[in-house]
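Please open the model in your viewer and keep the sequence panel beside it. The tour moves from one selection to the next, with a short account of what each one shows.

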Amino acid sequence: MFGGLAFLLRGNMCVGIWKTALIVRMLPADASALLAEPHVRPFDVTGRPMRGWLLVEPDGVEEDRQLAAWIERALDFVGTLPAK
């Protein structure tokens, strides 16, 4: 997906890798608030940022606990979506 590796939950993309960054799917309102965190930017590979998607640069997932926290956030949202 998006030219990278993606992990799905019940058919919905949850997290993935694009180039060297982690792609994370969130509730759009939560994603907007999380843009203030270090090493986080909108997921924009086409010139149009995707609502509810974030890129977390490598420094933001350097430690296992950081990566686990981002995955948990994504799972919390994607787990609410209907299965595809």
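## A tour by salt bridges

Begin by selecting Arg65 and Glu63, whose side chains meet in a salt bridge with an N to O distance of 3.0 Å. Colour the two by accessibility and Arg65 comes out as exposed, at a relative accessible area of 59%, whereas Glu63 is partly exposed at 39%. Bear in mind from here on that this is a predicted model.

How many salt bridges does a search of the whole structure find? The search returns three, and the remaining stops on this part of the tour visit the other pairs.

Select next Glu37 and Arg73, where the side chains form a salt bridge at 3.2 Å, N to O. Glu37 sits in the loop between helix 1 (28-34) and strand 4 (40-42), while Arg73 belongs to helix 2 (residues 64-78), so this pair ties together parts that lie 36 residues apart in sequence. Glu37 counts as partly exposed, with 28% relative accessibility, and Arg73 is likewise partly exposed, with 30%.

Now move to Arg41 and Glu57, which meet through their side chains in a salt bridge of 2.4 Å, N to O. Arg41 is partly exposed at a relative accessible area of 34%, and Glu57 is partly exposed at 22%.

With the pairs in place, clear the selection and switch to a cartoon of the chain, which shows two helices and five strands. Followed along the sequence, these elements give the pattern β-β-β-α-β-β-α. Colouring the cartoon by pLDDT brings out a chain mean of 94, with 98% of residues at 70 or more; helix 1 has the lowest confidence, at a mean of 92, and helix 2 the highest, at 97.

Finally, zoom out to the C-alpha trace, which spans about 30 × 30 × 25 Å along its principal axes. The radius of gyration is 12 Å, in agreement with the value near 12 Å that a compact globule of 84 residues would have. On a surface view, the chain exposes about 5200 Å², of which carbon and sulfur atoms supply 57%, and 35% of the 84 residues count as buried. If you draw the contacts between residues at least 6 apart in sequence, 52% of them join residues at least 24 apart.

Note on methods: Residues are numbered from 1 along each chain as its sequence is written. This is a predicted model: local features need pLDDT of at least 70, side-chain atom pairs count only at pLDDT 80 or more; totals for chains, interfaces and linings use all residues. Side-chain values use heavy atoms; hydrogens and water are left out. A salt bridge is a side-chain nitrogen of Lys or Arg within 4 Å of a carboxyl oxygen of Asp or Glu. Helices (H or I, at least four residues) and strands (E, at least two) are DSSP runs, numbered from the N terminus. Buried means under 20% relative accessible area, exposed over 50%, partly exposed in between (1.4 Å probe, protein chains only). pLDDT is the predictor's confidence in each residue, from 0 to 100. The radius of gyration is taken over C-alpha atoms; the globule rule is 2.2 Å times the number of residues to the power 0.38. Contact means heavy atoms within 4.5 Å. Accessible areas come from the Shrake-Rupley method with a 1.4 Å probe; for residues, only the protein chains shown count as cover.
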